[in-house]
Amino acid sequence: MVIKLGILDQSPLFEGENASDAFAHTLEIARLAERLGYERLWVSEHHDSAQVAGSSPEVLIAYLLAKTEKIRIGSGGVMLQHYSPYKVAENFNVLAALAPGRVELGVGRAPGGLPNSTKALQKGVAEPTPLEGKLAELEQYLHDRLPEDHPLPGLKAYPAVDRPAELYVLGTSVASAELAAQAGHPYVFALFINGDIEVAEAAFAAYRAKFDGGKGTVPRPMLALSVIVAETDGEAASLAEEIKIVKIRLESGRTITVGTVEHAEEFGRQTNERFTIEVREADVTKGSPSAVRARLLELSERLGAEEIIVTTGIKDFARRKRSFELLKEAFAELPAGREERR
């Protein structure tokens, strides 16, 4: 089976760049991905962050759809805990009507920002609904299947579309995998956030074991990870040195991955909890094209992931683009039958 490759672009803001630069880079990567034959390009959702420009994936997706022709564009993802499922369904029905068959809707439970941004996004919400309930309701609106015992029977999310956006569940734990399985949706494990390969194995095992195929769907395990491809292993290692993972561990037991130490300190301040901060090298699959290809094939076989989504945090934009080019070339050069090793 041929491994399908996609890209997650987070519209990063590096020193000397503004939001217009970041979005111009995202568009350029989307067009590059389409030209190279990547399956999809997803954009992320972050709030109250000076390091990432993408705070509204729906708006950015619309722009990217208008500037490309065939590549699938989606969210990686919409932080559904903040929003009305009805409004999310309306937004993505508009997108699906504008670009039939090209829109994907990845959803997650992470806050996507600091505690104060979560409070602002959920202002006026008296009792937040668990993600499980919101995900089910979102699917009902997208497919016009609201049950008769719903508090708002007969409500429809217009415009009506023949091909609604496909739902994907994003996560980093067994719990998120079980949610995707019970809902019968594709599942994406973010290894670039939780680099514990044993947790990933457990998550994918739970996803397959508990998958509910009652809707006629089959399991689609997908893996998202950080990748850097360069001409040589040494060059890739050098580029990866600039990428760090910053985690804040709160006294309450939560651990959150953030962009910078300053971001972590502000997160802790806003929670009014004691905290510790850990900075370490990011979990990056890096190397020459042949080395990265071998590692991705190994991970694909070990985890049973049928599709891989890569994110690349290289500061130099030309080298970032080159990494995507080299990755696609690496898989295009697979010897006959090598794709079938899984």
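In which sense do strand S6 and S7 pair, and over how many bridges? Strand S6 (residues 187-190) and S7 pair in the parallel sense, over four bridges. This is a predicted model, in which local features need pLDDT of at least 70, side-chain atom pairs count only at pLDDT 80 or more, and totals for chains, interfaces and linings use all residues. Residues are numbered from 1 along each chain as its sequence is written, and side-chain values use heavy atoms, with hydrogens and water left out.

**View 1. Strand S7 and its covered faces.** Strand S7 spans residues 221-229. Nine of its nine residues are buried (under 20% relative accessible area, with a 1.4 Å probe and protein chains only). One side carries Pro221, Leu223, Leu225, Val227 and Val229. The other carries Met222, Ala224, Ser226 and Ile228. Strands here are DSSP runs of E, at least two residues long, and helices are runs of H or I, at least four, numbered from the N terminus.

**View 2. The partners of S7.** Two strands pair if DSSP finds at least two bridges between them. Strand S12 (residues 307-311) pairs with S7 in the parallel sense over five bridges. There, Ile308 is the bridge partner of Leu223. Strand S11 (residues 284-287) also runs parallel to S7, joined by four bridges. Its Val284 is the bridge partner of Ser226.

**View 3. The sheet S9-S8-S10.** This open sheet has three strands with antiparallel pairing. Its edge strands are S9 (255-258) and S10 (275-281), and each pairs on one side only. The twist averages 25° from one strand to the next (axes are lines fitted to C-alpha atoms, for helices over the stretch in contact, and angles run from 0 to 180 degrees between N-to-C directions). Helix H9 (residues 261-271) packs on the sheet and touches S8, S9 and S10 (contact means heavy atoms within 4.5 Å). The direction of H9 makes about 15° with that of S8. Strand S8 (residues 244-250) and S9 pair over four bridges. Here Ile248 stands opposite Ile256 in S9.

**View 4. Helices H6 and H7.** The axes of H6 (residues 174-183) and H7 come within 8 Å and cross at roughly 20°. The two helices are therefore roughly parallel to each other (angles under 35 degrees count as such). On the H6 side, the contact includes Val174, Ala177 and Glu178. On the H7 side, it includes Ala202, Ala203 and Tyr207.

Notes
Buried means under 20% relative accessible area, exposed over 50%, partly exposed in between (1.4 Å probe, protein chains only). Angles under 35 degrees count as roughly parallel, over 145 as roughly antiparallel, 65 to 115 as roughly perpendicular and the rest as oblique.
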